[in-house]
Amino acid sequence: MAYQWDFAPVLANAPFLAEGLANTLKITGTALVCGVVLGLALALLRLSPRCFLSWPAGFVIEVFRTTPPLVQLFWFFFALPILVGIEMTPFVAGAVTFSIQSASFFAEVFRAGIQSIERGQWDGARAIGMRHDQALRRIILPQAVKRMIPAFMERAIELMKTTTLIATISYADLLFAANEISQKTFRPLETYTVVALIYFVVIFLASQVARLVELRLARSGESTVH
Amino acid sequence: MRWDFASVFDNTDALLVGAAGTLRIFAICLVLGLSLGLLVGLGRYSRNRWLHIPATVFVEFFRNTPVLVQILWFYFALPILLPFQISPLAAASLGISLNSAAFSAEIYRGGIQSIETGQWDGARALGMRWGQAMRRIILPQALKRMLPALTNRAIEIFKMSTLASAVAYVELLQQGKLIASLNYNPIEAYTAVAVIFFVFLWPLVQFSYFLERRLRRDE
């Protein structure tokens, strides 16, 4: 007997799904902003000639790039609160994990971007009397960031997909809403299909924007880093 | 707070079972994902629309949805359409393999496209058919260029294998959860799991850096 599809019970829970999507965007946005800022800091530390700055930064980057995000999330949610004696909400644990995790990837993008700028730009900045940090802020980074845009957007999209892991520690994101609705309505097929489609639409649109931006940069003759 | 790893070492057996589970699903997804990816990549490369369009839809769909959603779909949703149950291993392997196939398809396609047309012309001049040229001339050269990206995919697959714990497949993280809940030692249990993953993955990551450096030097 053919299965009778029935999307009505799922659609009746549309407000739940909307709230889940809003929470997914909230955790993605939070981790993205923190990740970029922290990533820049990590990149600058790693590029430092002083080894007591560059080694710890390199260590953090390597550890977070080399271990699975879900293990990191469990560590921050179940282990860290006991270690430091504070209560962690699922949102905070997720925000901390995804921020540091994406920061370690953003750091490598920043590093590649900064290193791709020709030495002459540094020399020129020094010649007109700029200090190192002035040259970095006014001359190097503005040029480097433009080359990094495609890699950034790619990472941001990866980050959004990674945030689904937060459903495993019961933060009410879109995937968690799916788990709840599926159990409540006994309609797992329809629920998970709808939720997969919602993710697809959001992520596909973001990917298309990223593709357009990359094409435009390529047409303007801008070189990019990955 | 005193660290007490003894309670973790007492459970070495459970961790070994978990490590075996992790390696098993990693091997399955690596083989399935990378070989299916080659087929899909050839479809993407093909000018035949009956191959190109389905391959493109497959790639776009699996690249643009989160792998955890895919795994849960295969575990909770797919069995409704099938006359039989799906095991946690099967659901997680399906999700991770198809996801990896979509990502590696683009690696294969890019690698094949990067080979100069002169290589194709030369192969044809020697009387090779398309399949022969692809197998003997194009793919061996393309594989060398793709090796760093494929190694990165393997690393991603290893990391993704932890998602199988979401459907209660017995792997390292799942065993870590079990140990933590039985012994009330989440700090030690999860730290041990993280360290084990690091030990497995660090050599792979270093190997991928080495391949990238060598490729840059050779090109």
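View 1. Among the contacts in chain B (heavy atoms within 4.5 Å) with a separation of 6 or more, 73% join residues 24 or more positions apart. Chain B holds 9 helices and 0 strands, where helices are DSSP runs of H or I with at least four residues and strands are runs of E with at least two, numbered from the N terminus. Its C-alpha atoms fill a box of roughly 70 × 50 × 25 Å along the principal axes. In this predicted model, local features need pLDDT of at least 70 and side-chain atom pairs pLDDT 80 or more, whereas totals for chains, interfaces and linings use all residues. Residues are numbered from 1 along each chain, chains are lettered from A in the order in which they are written, and side-chain values use heavy atoms, without hydrogens and water.

**View 2. The largest nonpolar core.** A nonpolar core is a set of buried Ala, Val, Leu, Ile, Met, Phe, Trp, Tyr and Cys residues joined through side-chain atoms within 4.5 Å, buried meaning under 20% relative accessible area with a 1.4 Å probe, protein chains only. The largest core has 92 residues, of which Leu17(A), Phe98(A), Leu175(A), Phe58(B) and Ile96(B) touch the most other members. Helix H9 (residues 186–218) of chain B gives the largest share of this core, 10 residues.

**View 3. The surroundings of Phe98(A).** Leaving aside residues up to four places away in sequence, Phe98(A) touches residues including Ile27(A), Leu73(A), Thr162(A) and Ile166(A).

Note on methods. Buried means under 20% relative accessible area, exposed over 50%, partly exposed in between (1.4 Å probe, protein chains only).
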